[in-house]
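Please take a moment with the sequence and the structure shown here before reading on. The briefing that comes after them is written for a reader who is meeting this structure for the first time.

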Amino acid sequence: MNEIPTPRPILRPFRETDYDDLYEFLSQLRDDEFEGYPGIMYDNGRRHLDERVGSESYYAMELRSSGKVIGNIDCGRRDFEARELGYIVNKDDQRRGYALEALSAVMGQAFRSGAHRLYAQCDPRNTASWKLLEAAGLRREAHFRRNLYFRKDGTGAPVWKGTYVYAILEHEPIPVPLFPHDQQQETEVLRHEARD
Ligand SMILES: CC(C)(COP(=O)(O)OP(=O)(O)OC[C@H]1O[C@@H](n2cnc3c(N)ncnc32)[C@H](O)[C@@H]1OP(=O)(O)O)[C@@H](O)C(=O)NCCC(=O)NCCS
């Protein structure tokens, strides 16, 4: 995996030295309803770094200004030339446009390297997640109702959750995010070559 050039967060492979930064943003989600890392503690969380170092799918988002890794984008290979997208940004750095900038760059790179379809799944109540996907040009393709559960309640009954599926195909435009996030600029449209 190579670094992807972006204006603000550098997108690069994870390194062994990234554990403190990774732990900081994963542990913020320890009890998160949508992207939970239940029970994660400093001493038992290193497997999440092991999963990322040397991986072809995880990009660390490193801030140019401080060198801190403030999140990650996941772009895992799936059947039929698809990639599944995932994303986390440290709570202290959210709503600055970092996820949108990084996700758009990873999406462009995925299409340039032969992906046909990019998709993501999220809980319909995770507004930040699906609004991010819409901002990045993905369209809602499905709303599965009460299709899965991650835990059971006190009586042993499944706590059902729904799922949105968002996707974009290779010939569809990825909107270029505004940069810097708080400045008004014309939104350009980045087009990638269609592959028939
Ligand atoms: C989803 C997440 C990665 C967004 O990161 P971020 O860096 O704050 O997102 P950005 O600043 O790039 O936001 C881009 C757009 O997404 C939407 N968005 C992001 N956060 C939002 C929120 N809390 N509420 C509503 N819309 C939101 C907005 O449209 C936003 O554009 P705007 O700021 O111009 O309104 C972040 O909230 C996060 O890490 N959440 C926890 C992990 C998670 O749920 N991952 C997804 C699991 S499916």
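Predicted model: local features only at pLDDT ≥ 70, side-chain atom pairs only at ≥ 80, totals over all residues.

Residues are numbered from 1 along each chain as its sequence is written. Helices (H or I, at least four residues) and strands (E, at least two) are DSSP runs, numbered from the N terminus.

**Surroundings of the ligand**

- The ligand is surrounded by 20 residues, of which the closest are Gln 94, Ala 99, Leu 100, Cys 122 and Ala 128; a residue is near a molecule if its C-beta atom, placed from the backbone, lies within 6 Å of it.
- At least two residues of this shell come from each of strand 4 (82-89), helix 3 (98-112) and helix 4 (127-135), and helix 4 gives the most, with 6 residues.
- By type, the shell around the ligand divides into 11 nonpolar, 5 polar and 4 charged residues, where Ala, Val, Leu, Ile, Met, Phe, Trp, Tyr, Cys and Pro count as nonpolar, Asp, Glu, Lys and Arg as charged, and the others, Gly among them, as polar.

**The nonpolar core**

- The largest nonpolar core has 39 residues, and those with the most contacts inside it are Met 61, Ile 73, Ala 102, Leu 103 and Val 106; such a core is a set of buried Ala, Val, Leu, Ile, Met, Phe, Trp, Tyr and Cys residues joined through C-beta atoms within 7 Å.
- Among the elements that give two or more residues to this core are helix 1, strand 2 (58-63), strand 5 (117-122) and strand 7 (158-169), while helix 3 gives the most, with 10 residues.
- A residue is buried if 20 or more other C-beta atoms lie within 10 Å of its own, exposed if 12 or fewer, and partly exposed in between, with C-beta atoms placed from the backbone.
- Ala 102 is in contact with Thr 6, Pro 9, Leu 11, Met 61 and Ile 73, leaving aside its neighbours within four places in sequence; two residues are in contact if their C-beta atoms, placed from the backbone, lie within 7 Å.

**Helices with a buried side**

- In helix 1 (residues 19-27) the buried residues are Asp 21, Leu 22, Phe 25 and Leu 26.
- These residues are on the same side of helix 1 because they cover an arc of only 125° around the axis, the arc being that of the directions from the helix axis to the C-beta atoms.
- The elements covering the buried residues of helix 1 include helix 2 (46-52), strand 3 (69-78) and strand 4.
- In helix 4 the buried residues are Ser 129, Leu 132 and Leu 133.
- Seen down the axis of helix 4, its buried residues fall within an arc of 100°, so they line one face of the helix.
- These buried residues of helix 4 pack against helix 3, strand 5 and strand 7, whereas the face turned away from the buried side carries the exposed residues Thr 127 and Lys 131.

**Strand pairing and hairpins**

- Strand 1 pairs with strand 2 in the antiparallel sense over 4 bridges, and two strands pair if DSSP finds at least two bridges between them.
- Strand 2 and strand 3 are also antiparallel, paired over 5 bridges, and in their hairpin, which has 5 residues between the strands, Gly 67 takes a positive phi near 80°.
- Strand 3 and strand 4 pair in the antiparallel sense over 8 bridges, forming a hairpin with 3 residues between them, in whose turn Phe 80 has a positive phi of about 60°.

**Exposed residues with a positive phi**

- Arg 95, found in the loop between strand 4 and helix 3, has a positive phi near 60° although it is a residue other than glycine, and it counts as exposed with 10 C-beta neighbours inside 10 Å.
- Arg 146, which lies in strand 6, has a positive phi near 45°, again in a residue other than glycine, and is exposed with 11 other C-beta atoms within 10 Å.
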